[in-house]
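This briefing covers one protein model, topic by topic. Please keep the sequence and the structure open while reading.

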Amino acid sequence: MGVHSASEGVLAGLDPEQRSAVTAPAGPVCILAGAGTGKTRAITSRIAHRALSGEISPRHVLAVTFTARAAAEMRHRLTLLGAQGVQARTFHAAALRQVRYFAPRLLAGRAMPELLDSKVRLVTLAAARVGLRADRAAARDLAGEIEWAKSSLVEPGDYVVAAARALRDTPHEPAKVAEVFTAYEQLKRSNGVIDFEDMLRAAVWGIEEHPDVAEQVRGQYRHFVVDEYQDVNPLQQRLLDAWLGGRTDLTVVGDASQTIYSFTGATSAYLVDFPRRHRNATVVRLVRDYRSTPQVVGLANAVISQARGTEARLRLELTGQRPPGPEPDLRIFTDEPAEANAVAARCRSLIDAGTPAKEIAVLFRTNAQSEAYEKALTEAAVPYVVQGAERFFERAEVRQAMVALRSATRSIPGETPLPAAVVEALAAVGWAPDAPPAGGAARERWEALAALVQLAEEYAATPELVPIGEAASVERPVTLTDFTEELARRAAQQHVPTVDGVTLASLHSAKGLEWDAVFLVGLAEGTLPTTYAKTVEQVEEERRLLYVGITRARQWLWLSYAAARSPGGRARRPSRFLPQLDRSGGTERAGVSPGGPRRPERRRTQIVSCRICGATLLAGPDRKLGRCPTCPSDIDDELHERLREWRQRVAGAQRVPAYVVFTDATLTALAERRPGRSEELIAIAGIGPRKLGLYGESVLALVAGAGVDDVCPEKTFEISS
C-alpha cells in the first residue's frame with residue numbers, strides 16, 4: 001500500500017466532522033468533542049494521517065493525557081493505524097522521563113531526589129510542627145489543598161490571598177494551612193525528596209532556564225496533542241508552553257461541559273480561550289454521539305441546556321446515532337433504603353435477563369453513599385465492585401469505629417438507647433453529631449461515621465422479640481452488643497471477592513467510563529448539588545457532574561432520589577437539575593417548553609406508588625397499572641381476554657372507539673389488580689364515578705368469573721348527554 005493510499009485509508013469510516021478534525025492543516029487545532037463522539041478516534045487518526053502522509057515523523061509527536069489507561073489506549077490505536085513510535089503519556093510520566101534524562105546535567109552529577117508516592121506522611125509531620133494535630137483524613141485534606149496551591153502556581157506566602165480569591169473551602173483557617181504548607185516544603189527539602197508538582201516544575205525549570213535542554217526537548221518534540229484539555233491546570237499549561245516554545249503545532253481536544261475537577265486546580269479557561277490565544281486556530285465540533293441512545297442523549301442535552309457561565313459558551317448539543325432505546329426511568333422513593341433495595345432488585349432482573357454485571361453501574365455523588373447499595377446488592381445476591389474507593393467496611397475510619405463500638409460494649413450501660421450509645425462510642429474516634437468539617441476527605445470520613453449512626457437508628461427501630469412461652473413473646477430493645485454483631489455480619493458478607501460485578505462508583509471516578517445500564521441515585525437537593533456548592537460556579541460544576549453521569553449510559557438509564565433519608569425522616573426536594581415533569585408525569589425532552597421556561601404547575605397530583613417496588617409513579621399509563629413498567633406483571637391473561645371482548649361489544653353498541661370505554665392500560669390494570677369491590681375499582685386511575693356507574697357492575701362480575709355473554713347478552717349501553 002502506497003503512502004497516499006495508507007493515509008487515505010485512515011479516513012475510512014470517519015464522519016464529516018471527524019474527517020475535518022483529522023485533515024485540519026498544521027497549526028493550532030481545537031476539537032470540541034462531546035461525550036461519546038469519538039474523540040480518541042479523531043485525534044489518533046489525525047496523528048496517523050499526518051504521519052502516514054509523510055507530513056510529520058511519529059517520533060516527533062508527544063500526545064499527553066491524564067490517565068495511564070487513556071495513554072495506553074492511544075498507543076494501542078496508533079499501533080493499529082500504523083503510526084508506531086508516537087510518545088503517548090500522561091503529563092506526569094512525560095515530565096518524569098525528561099527530568100530523569102536531564103538530571104545529571106541539571107544537578108551537576110548529583111542523584112535525582114526520591115519521588116514521594118504520597119504527601120500524607122510529611123503533611124502529618126508538618127501539621128504537628130505548627131501545632132496542628134491531623135489524623136489521616138485531615139492530612140489528606142491538607143495534602144489536597146497543598147496540591148491545589150502548587151498546581152495553581154501559588155507559593156506558601158501567597159496562599160491566604162489566593163485561597164480567598166478562589167473561594168476555597170479550606171480544611172483549616174487559611175493562615176494555618178499556609179503554615180502547614182511552609183513546614184511541608186521545609187521537611188521535603190530536609191528529607192531530600194520531591195513531590196509530583198515539584199517534578200513538573202523541574203521539567204519547566206529545565207527548559208526555561210537551560211537553553212541546551214530546551215533545544216534538545218524542542219528538537220525531539222515538534223507536534224503536540226493534548227487530550228481532556230478542559231482538565232489542564234496552570235502548572236501543566238506552563239509545562240506545555242515550555243515544550244512548545246512559541247511554536248503552534250498543537251492539537252487540543254476537550255469538552256467544557258465535562259469540567260468537573262476544578263477543586264484540584266483544573267480549569268477549562270485554556271480550552272475556552274484557545275481561539276483567542278491562537279488567532280488562526282481551526283475549531284471543529286464533534287456532536288454525533290455513538291455511545292448512547294437518542295433517549296439518553298436527549299436527557300443529557302436537556303440537563304446541560306440550562307447551564308450558565310463560562311463553560312456554557314462551548315456547550316455542544318449532541319445528536320444520538322444509535323437506534324432508539326427505552327426512555328430514561330425517573331423514580332421517586334419514600335426513603336434511601338427503599339431506593340437502594342429497588343436498585344438492587346432491578347440490577348438482579350437485568351442480570352437474569354442477560355446483561356453482564358460488569359455492564360451495570362450505580363453512580364452517586366459521594367463515596368459515603370455506597371454503603372446502602374453494598375448492603376442492598378449483597379442481600380439481592382448481586383456481585384459488585386467498588387470503583388475508586390474502599391468498600392465501606394474496609395475504610396480505615398469504619399474499622400476504627402467498629403473497634404470503638406466493641407470496646408464501648410464494656411463501658412456504656414446496657415440500658416442506654418442504641419443511637420445514643422453509638423454516638424457516645426464514636427466520640428472516641430473524634431466524631432461528633434454536629435455539622436461536618438470542611439475538606440473533602442474529612443467530610444467523607446464524617447459522613448461514613450454518620451452512616452453508622454443512621455444505621456443504628458434504623459436497627460433500633462426494630463426491637464428483638466424474646467419468647468416468654470410457647471405462644472408468647474415480648475419486645476427487647478436492641479443493645480450495643482447486638483449492633484456490633486450485626487455490623488460484623490454485614491462486614492463478613494461484603495468481604496466475598498467479586499470480579500464480574502456491578503460497579504459502584506462516585507460520579508467523579510466514573511468519568512471516562514461507560515456501561516450498558518447506569519443508575520444515577522440520590523439525586524436530591526443537598527446531595528446533588530451538594531450543600532457545599534455555594535457559588536454559582538460551584539453549582540454549575542454540580543450540574544456538569546450530573547451531565548457526565550448521564551452520558552456514561554449506553555442503553556438504559558435510571559435516575560432516582562428518596563423523599564427522605566430514612567423512614568419517616570424529613571422531606572427533601574429532588575435535584576434542581578432534573579428536567580421538569582409535564583402533566584402526565586413524563587420528562588420534558590428539552591427541559592423547557594417551545595415558548596421558554598414552563599411555569600410550575602399549581603395543581604397537585606395524587607401520589608400513586610408502585611404496588612411492587614414502592615416507587616412514586618409519574619407517567620399516566622404507569623399510574624393506571626399501579627406499577628412501574630419494568631416491575632413484573634401478574635396479569636390474569638384469561639380475564640384480560642374477556643375484558644377485551646366485553647369492551648369490543650360495548651364500544652360497538654355505543655358506536656364509539658374501544659378506547660373511549662377503557663384504554664388498554666386500564667384493561668391491563670383491571671386484569672392485574674382484579675378489584676372485588678366498587679372502592680377498589682374506582683381506585684384505578686382512569687375509572688371515575690361516571691364510568692363506575694356505566695360499567696362497574698359488569699366489570700366486577702367479569703372479575704368474579706362471569707362470561708361476556710352473562711353480562712351483555714343483548715345489552716346495549718346508552719350514554720346520556
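Two strands pair if DSSP finds at least two bridges between them. Helices (H or I, at least four residues) and strands (E, at least two) are DSSP runs, numbered from the N terminus. With those terms, 4 bridges join β12 to strand β16 (residues 502-506), and the two run parallel.

This is a predicted model, in which local features need pLDDT of at least 70 and side-chain atom pairs count only at pLDDT 80 or more, while totals for chains, interfaces and linings use all residues. Residues are numbered from 1 along each chain as its sequence is written, and side-chain values use heavy atoms, with hydrogens and water left out.

**Overall make-up**

- The protein has 30 helices and 18 strands.
- Of its 721 residues, 52% count as buried; buried means under 20% relative accessible area, exposed over 50%, and partly exposed in between (1.4 Å probe, protein chains only).
- Contact means heavy atoms within 4.5 Å. Among contacts between residues at least 6 apart in sequence, 75% join residues at least 24 apart.

**The parallel sheet**

- An open sheet is formed by 6 strands in the order β11-β18-β17-β12-β16-β13, with parallel pairing.
- Its edge strands are β11 (329-333) and β13 (384-387), each of which pairs on one side only.
- From one strand to the next, the twist averages 20 degrees; axes are lines fitted to C-alpha atoms, for helices over the stretch in contact, and angles run from 0 to 180 degrees between N-to-C directions.
- β11 pairs with strand β18 (residues 553-562) in the parallel sense over 5 bridges, and the bridge partner of Phe 333 in β18 is Ala 562.
- Strand β12 (residues 360-364) has 5 of its 5 residues buried. Ile 360, Val 362 and Phe 364 are buried on one side, and Ala 361 and Leu 363 on the other.
- β12 is also joined by 4 bridges to strand β17 (residues 515-520), again running parallel. Leu 363 has Leu 520 as its bridge partner in β17, whereas Val 362 stands opposite Leu 504 in β16.

**Nonpolar cores**

- A nonpolar core is a set of buried Ala, Val, Leu, Ile, Met, Phe, Trp, Tyr and Cys residues joined through side-chain atoms within 4.5 Å.
- The largest core has 78 residues, and those with the most contacts inside it are Trp 243, Leu 520 and Ile 550. Helix α5 (residues 91-106) gives the most to this core, with 7 residues.
- A second, separate core of 29 residues includes Leu 405, Ala 408, Leu 452 and Leu 487.
- Leaving aside neighbours within four places in sequence, Ile 550 is in contact with Val 296, Leu 299, Ala 300, Val 303, Leu 520, Leu 557 and Leu 559.

**Helix α9 and its surroundings**

- Helix α9 (residues 174-191) has 18 residues and reaches 26 Å from its first C-alpha to its last, close to the 26 Å expected at 1.5 Å a residue; the expected span is 1.5 Å times one less than the number of residues.
- Its buried residues include Phe 181, Tyr 184, Glu 185 and Lys 188. The buried residues of α9 pack against α6 (120-129), α7 (136-151), α8 (159-165), β5 (193-194) and α10 (196-209).
- Gln 186 is in α9 and is partly exposed, with a relative accessible area of 37%.
- After α9 comes Gly 192, whose phi is positive, near 65 degrees.
- The axes of α7 and α10 come within 10 Å and cross at roughly 10 degrees. The two helices are therefore roughly parallel to each other (angles under 35 degrees count as roughly parallel, over 145 as roughly antiparallel, 65 to 115 as roughly perpendicular and the rest as oblique).
- Glu 147, Lys 150 and Ser 151 of α7 make this contact with Glu 197, Asp 198 and Arg 201 of α10.

**Loop residues**

- Gln 258 lies in the loop between β7 (250-254) and α13 (269-272) and is buried, with a relative accessible area of 8%. Not counting residues up to four places away in sequence, Gln 258 touches residues including Gln 230, Asp 231, Lys 511 and Arg 552.
- The peptide bond from Leu 528 to Pro 529 is cis, with omega near 5 degrees; Pro 529 is found in the loop between β17 and α23 (536-550).
- Leu 153, in the loop between α7 and α8, has a positive phi of about 65 degrees although it is not a glycine.
- Arg 674 is not a glycine either, yet has a positive phi of about 45 degrees. Arg 674 sits in the loop between α27 (664-673) and α28 (678-682).
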